[in-house]
Amino acid sequence: MLFGLPIVQITMFGFALTNEIKNAKIVIVDNAQDLASQQIINKIESSDFFYVKKAMLNPTQIDAAFKKGDIKMVVVFPANFNTDLLHLNKASIQLIADASDPNTATTLTSYFTSIVNDYQANLNQNASMPYTIVPEVRMLYNPDLAGAPDFVPGVMAMVLLLVCVMMTSVSIVREKEMGTMEILLVSPVRPILVIISKAIPYLVLSIVNLTVILLLSVYALQLPIKGSVPLLFAESTILIITALSLGLLISTVTKTQQSAMFASMIGMMLPTMLLSGYLFPIENMPLVLRLISNIVPARWYYIIVKNIMLKGLGFTAIWRETLILIGMAAFFLTLSLRNFKIRLE
Amino acid sequence: MRPLRFLLQKEFRQMFRDKGFTGRLFIAPLIQLLLLPMAANLTVKNVNIAVVDNDRSVTSQQMINKVLSSGYFKLTGYTDNSSKSNKLIEKDQADIVLEIPQNFERDLINNNTNKLAIEVNAINGVKASVGFAYLGSILSDFNNQIRANWVQPEIVSASPVIDVVTSFWYNPLLSYYVFMVPGILVSLITGISGLSAAFNIVKEKEIGTIEQINVTPIKKWQFILGKLIPFWVTGIVVFSLGLIVAWVIYGIVPLGNIAILYLFASVYMFAILGFGLLISTYTDTQMQANSLMFLFIMVFNMMSGLFTPYDSMPQWAQFVGHLFPVSYFIQVMRMVVIKGSDLADIFPFIWKVFLIGIVLNTWAVLNYRKTT
């Protein structure tokens, strides 16, 4: 499970999950059937975003099709589309989107609109329009607009935290629950050594996991690491130490494996999934959640990894985030060491 | 039937005496339904834009104003130095940099055409493409506007304009809550009841009470029904609680028939409990069950189309998603709650879930052994 998890996650996020919208099924109701409508339809069909079916639907049929969930959008070309365009210089296309998924609906309509705008710009070029502004766009860091670059840094944060926090806390509480902790405490070994020896295997395990994730993302997802690899490992070690101290802290305040597991879920997994910014954009959240997100270690780690891996930046770009992580690690470590009881209750 | 009645009595009594369980039953829906929809908002808005204005002319000012007044963009930087703007993208303070070249206005008038440089931080591919599409359409609007101002109207009106009129059905305000809440309700009852069932049986194994049941003349099917029914009831109760929370907090009232929702929920519970049961027959400790469940829950949540569009996944992933009942229920919830789909619309889904339920439960019953 510990080694399977990163592999499952990378495959899932890297290959299967994507926020982009591809092959959305749309129906085009072409009442015009003329040159202009045909040209636009050809453009739509040749894009990856849409999977086009042509049909004649009335509003009731559109409603029925949406209710079945077969299609996402309907495009209606009015009769005399081309004639209107040529003679009145103005024609309209109607889009009806199934907005039950608002994200898909807005994305599809904006894709469609930009295709139409392109077509219109071409028409106008032929008519040699005066004063034309030509926007030239460069997509930085991820020219293919793939989903993986956004997800891989998040998966790294997630796996590291999961392994460290949950496993550390559960393994220490397990010793408590089974009574073996007493034996360790009465032995001449100093308590700090007990803690360190609990933490080191998970530190090693996490570094191995990290290596697996990076190898997978470089060789399977073709996602090169643009920045320095040692720096990436150093920063990850800081996150691992933060997570280990948090796990330790949880183990000092819980008594059973079940409750340690629950605390790790609520205290670590949920915030990491929701508030680190890798699944959901932080700027869309209400103020309270935005404030809370500042104390989630994964949030800062996510920024660091993105900067190193994808943008290829050096330490100067991330010293602030690094400092925050170190501060968190120090805070949790002191708190948990002070909380660690060496006496039996 | 008498042994079954006693078993049910035992299960319910055990359930209500476990304060932690009843607590989770009420608190989990509240936390999940309050926190998740607020955090899980994927709408692209507030795109941060930085402007490098090397021109500082009337036209460039008008263009910037036009872009900012659209409401999609937030100005986070305004300089006349392009190296500064690159820093803004590096620091994630700008998603898009719009660079207006020197003498933009003059060259536009003299050469009849001019270029604008736009740089987009494309790490988040969706935000990049949607943000650029917004910007592109604003710029082309602006272009038409200056033509209208600068040249004789008859030349401008000679250029054909295609007007795209959009209507958003079922959710005209494009509220993201309407989309997320029904889906989250599904993941909620999956977690609460499916998992509890697995843990419950494994716990009996771990503490040894299952042996006491094994030596009684209780039949296999009675034992399993005795476990299934209480958690089935729990699931339906949590489902109702979730519907109430959705109504009170988010004002979401199912457009379709509530009876269809309950019918589907019943069939769904049957399938998901079968899954929990199956897990419990393969594991011996709560720790094992937990690890296994964690993996499955994650795969369920991620591949069911709850957060990311299902149709965009590759074929194999959609196939995997179809093996789990979760994706069907999420789809059906959204269809019935938001669009008011009726029984005929969801029929293809309900019988598949029923089939999955039969397979999982049969498998679990066959795999359950009264001997150790």
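Handedness first: a crossing is left-handed if the near helix is turned anticlockwise from the far one by less than a right angle, and right-handed if clockwise. I looked up helix 1 of chain B against helix 10 of chain B, and the crossing is right-handed. (Helices are DSSP runs of H or I, at least four residues, and strands are runs of E, at least two, numbered from the N terminus.)

Ground rules: this is a predicted model, where local features need pLDDT of at least 70 and side-chain atom pairs count only at pLDDT 80 or more, while totals for chains, interfaces and linings use all residues. Residues are numbered from 1 along each chain as its sequence is written, and chains are lettered from A and ligands numbered from 1 in the order in which they are written.

Back to the helices. I got an angle of about 40° and axes 9 Å apart for helix 1 (residues 2-17) and helix 10 (residues 220-250) of chain B. Axes are lines fitted to C-alpha atoms, for helices over the stretch in contact, with angles from 0 to 180 degrees between N-to-C directions. The pair is therefore oblique (under 35 degrees is roughly parallel, over 145 roughly antiparallel, 65 to 115 roughly perpendicular, the rest oblique).

Next, the chains. I found 88 residues of chain B in contact with 90 of chain A (C-beta atoms, placed from the backbone, within 7 Å). Helix 6 (residues 125-150) of chain B gives the largest share of chain B's side, 16 residues.

Strands too: strand 5 (residues 132-140) of chain A and strand 4 (residues 113-121) of chain B run parallel, joined by nine bridges. Pairing takes at least two DSSP bridges. A:Val137 has B:Ile118 as its bridge partner.

Terms used. Two residues are in contact if their C-beta atoms, placed from the backbone, lie within 7 Å.
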